[in-house]
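User: Hi! Could you walk me through this model before I set anything up?

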Amino acid sequence: MKSLPPSLLSPELIQDVLDALPAPVFVKDRHGLYLGCNRAFSTLVGKRPDEIAGKSVFNLWEPDLAKIYFDADEALMASGKMQQYEAQVITQSGERRDVLFYKALLSDATGSITGMVGTILDITERKTLERTLTALAEHDALTGLLNRRAIFDYMQRMSDPRPVAVLMCDLDHFKAINDAHGHFGGDEVLRTTARLLQAQLREEDRLARVGGEEFLIILHNADAGIALQVAERLLAAVSHAQIMYEGRRIDVSLSLGAAVGHAAGGAAVGLVRIADDRLYRAKREGRGRIVMSD
Ligand SMILES: Nc1nc2c(ncn2[C@@H]2O[C@H](COP(=O)(O)OP(=O)(O)OP(=O)(O)O)[C@@H](O)[C@H]2O)c(=O)[nH]1
């Protein structure tokens, strides 16, 4: 492409061109201080260009965002390449928007780095959709609990060296509940059971629906004594519940198998197998009970 005559590239023209662009653009020097910006950037963040020029990210933005921008600037300077990363900006109205930063280094005729130029693409709608899809993929639609895949992924990532308790719970004679009250009655029992179990757990513990009427619980930093206490509370909460459906009371009970041990490095999955075997023993031995040993 033929370059424009130098006379046409006056600073005013460059600023006019940048201001005509709908995308926000900013320029920083090699110390990370803003040299300027275009109108779209100024409008996005609700600050005049003269309030921005000469300032560092720490003078202008919230500390958590400023740290992200600063680290990204350092990484760009160190890499000497272009950069693309997702972050957030706070807009004029105080709203946090998800954005994609595209940045590149500026250098002089000798090749020395003089600064950087960046532009911002708003990706809030895409990120919102991504978060919705992730939430749908990780949660059970009926109860809102974590689903089987999400809890198994979670267990694979566990790294705490302290012991955990894994509890497998299964509603007793659930087929008979469905038969007596219909599938919607059964669904109501599942939703209520999920709420009752959740109410007995600490925030850091995890509860998932892993099968039709089967729930898996992880108690962090728990020994056999704690596991037994919680298991007893869970059984009592479910068996004392007054679940009503279409004017009729539905009595429910729970069988539970538990295993305590180390979970780090995917070992929790082994505890699930042990807890599951014990759950089936609890079923065989009469239901409505806890089995915690072999
Ligand atoms: N309402 C409802 N029922 C479900 C759902 N998922 C599975 N079920 C039913 O749950 C029942 C489970 O029956 P079984 O596995 O025989 O177990 P059970 O009757 O609870 O007997 P035990 O576990 O041996 O006490 C089946 O009838 C499934 O159709 C669901 O989302 N909603």
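Analyst: Happy to, and we can start with the ground rules and then go wherever you like.

Analyst: This is a predicted model, where local features need pLDDT of at least 70, side-chain atom pairs count only at pLDDT 80 or more, and totals for chains, interfaces and linings use all residues. Residues are numbered from 1 along each chain as its sequence is written.

User: Thanks! How many helices and strands are in the chain?

Analyst: The chain has 10 helices and 12 strands; these are DSSP runs numbered from the N terminus, with helices being H or I of at least four residues and strands E of at least two.

User: Is the chain spread out or compact?

Analyst: It is more spread out than a compact globule, because its radius of gyration is 29 Å, well over the 19 Å that the globule rule gives for 294 residues. That radius is taken over C-alpha atoms, and the rule is 2.2 Å times the number of residues to the power 0.38. Along the principal axes, the C-alpha atoms fill a box of roughly 90 × 45 × 35 Å.

User: And how is the chain divided?

Analyst: Into domain 1 (6-128) and domain 2 (139-291), with bounds from an automatic or database domain assignment. Their C-alpha centres lie 50 Å apart.

User: On to the ligand. Which residues come nearest?

Analyst: There are 17 residues around the ligand, and D172, F174, K175, G186 and G212 come nearest. Near means a C-beta atom, placed from the backbone, within 6 Å. The elements giving two or more residues to this shell are β6 (164-171) and α8 (174-199), and α8 gives the most, with 8 residues.

User: What's the shell like by class?

Analyst: It has 5 nonpolar, 5 polar and 7 charged residues. Here Ala, Val, Leu, Ile, Met, Phe, Trp, Tyr, Cys and Pro count as nonpolar, Asp, Glu, Lys and Arg as charged, and the others, Gly among them, as polar.

User: Last one: where does Q92 lie?

Analyst: Q92 is in the loop between β3 (83-90) and β4 (96-107). The C-alpha atoms of Q92 and G46 are separated by 4.1 Å, although the two are 46 residues apart along the chain.
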